[in-house]
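Here are some notes to read alongside the model. Please keep the sequence at hand.

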Amino acid sequence: MSLADSWRAARPPAAGLHLDSAACSRQSYLALDAAARHARREAEVGGYLAAEAAAPVLDAGRADFAALTGMAAADVVFTTGSRNALDLLLSRWPGTQRTVACLPGEYGPNLAVMAAHGFSRRTLPVDHTGRVVLDEAATALAADPPSLVHVTPVGSHRGLVQPLAQLADICRDLGVALVVDAAQALGQIDCAVGADAVYSSSRKWLAGPRGVGALAVRPEWAHLVAPGPAAGDVNVAAQVGFCVALREHRAAGPAAVRAALAGVGARSRRVLAQLPGWRVVEPPDEPSAITTVVPPAGIDPVDLRAWLIAEHGIVTTAAGVERAPLELTVPVLRISPHVDTTSDDLEVLAAALADAPHGR
């Protein structure tokens, strides 16, 4: 059975055409059942005893996340999502000198978290596509080292892939801390590059539940992420579901999944590039499953997304400029199919877009 067939068979049938994995992938039967069984166990013996019994599953999940990020299992903590992870790191950042270097395409909510914690921002040099220019970045970082470099190697607003491993090498050589937002990257590209911290949500390419994620740090940073005396309620059922999704991802073969996602992204761009008046943003063979398109004049992506759902049962994302306020100038429509998406599915999407109403 092919990867696409096995991925599809492991999940409930989609109600329509799901092309929105960059927002929230479809969970598997195993992940859904594991979370449900844990919730039932909480009802039977109480939440704390159920959590103790789930420890082996949670430990295995930490180990799987560590393996995907190049860290150690002991240095992985669960979070409620990516923003929670960044907030946790920056809220405890030592010292009063707070500067962060990031890309112009940095995710808007991340910029807000940085500002809320008193970090001044500088941008790394990029080329005309928005990809970091490594030699210029190395020169800039060496001349005036920031407190940390924060990089989102695959953005929320387009499927451009940054040279994460090379940037990690530069930061390591300069002794500059590197924090990686892998929310869109984990599953799509190799994130085990030797960063100082890597965090991600569960619900995107790994196809886990909402409301949970993980953060992995180097041992010397453990004090930044240690739970406080009042850590608050924990959704252990969601953590269990995430752990199962991680195990399924590793069983499928991360390299095979990455190749399949890159392939479906390339096919998407080839199909959508044929639509008159529509502009595909990414280079044709960008190794990412995310494709963003700028519609013709008179078509608003927000209205278009709603129309696609109502009229065709096709789920996509309308990405406004707030997703990348330093770079994105117009709203776009984001297509993010997973490995089970077929060429026929993409033709269905293209036909729907060709028929999209103007001036809504």
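1. UniProt, in an unreviewed entry, lists residues 19–222 as "domain: Aminotransferase class V". UniProt positions follow the numbering used here, feature names are shortened, and annotations may be inferred rather than shown by experiment. The end C-alpha atoms of residues 19–222 lie 37 Å apart. The span is 39% helix and 15% strand; helices (H or I, at least four residues) and strands (E, at least two) are DSSP runs, numbered from the N terminus.

2. The model is predicted: local features need pLDDT of at least 70, side-chain atom pairs count only at pLDDT 80 or more, and totals for chains, interfaces and linings use all residues. Residues are numbered from 1 along each chain as its sequence is written, and side-chain values use heavy atoms, without hydrogens and water.

3. Look next at Pro337. This residue sits in the loop between β13 (332–335) and α13 (343–354). Pro337 counts as buried because its relative accessibility is 0% (buried means under 20% relative accessible area, with a 1.4 Å probe and protein chains only).

4. Which residues does Pro337 touch, not counting residues up to four places away in sequence? They are Leu19, Ser21, Trp205, Leu261, Val264, Ser268 and Ala289. Contact means heavy atoms within 4.5 Å. Ser21 is 316 residues from Pro337 along the chain, yet their C-alpha atoms are separated by 5.9 Å.

Notes: Buried < 20%, exposed > 50% of the residue type's maximum accessible area, 1.4 Å probe, protein only.
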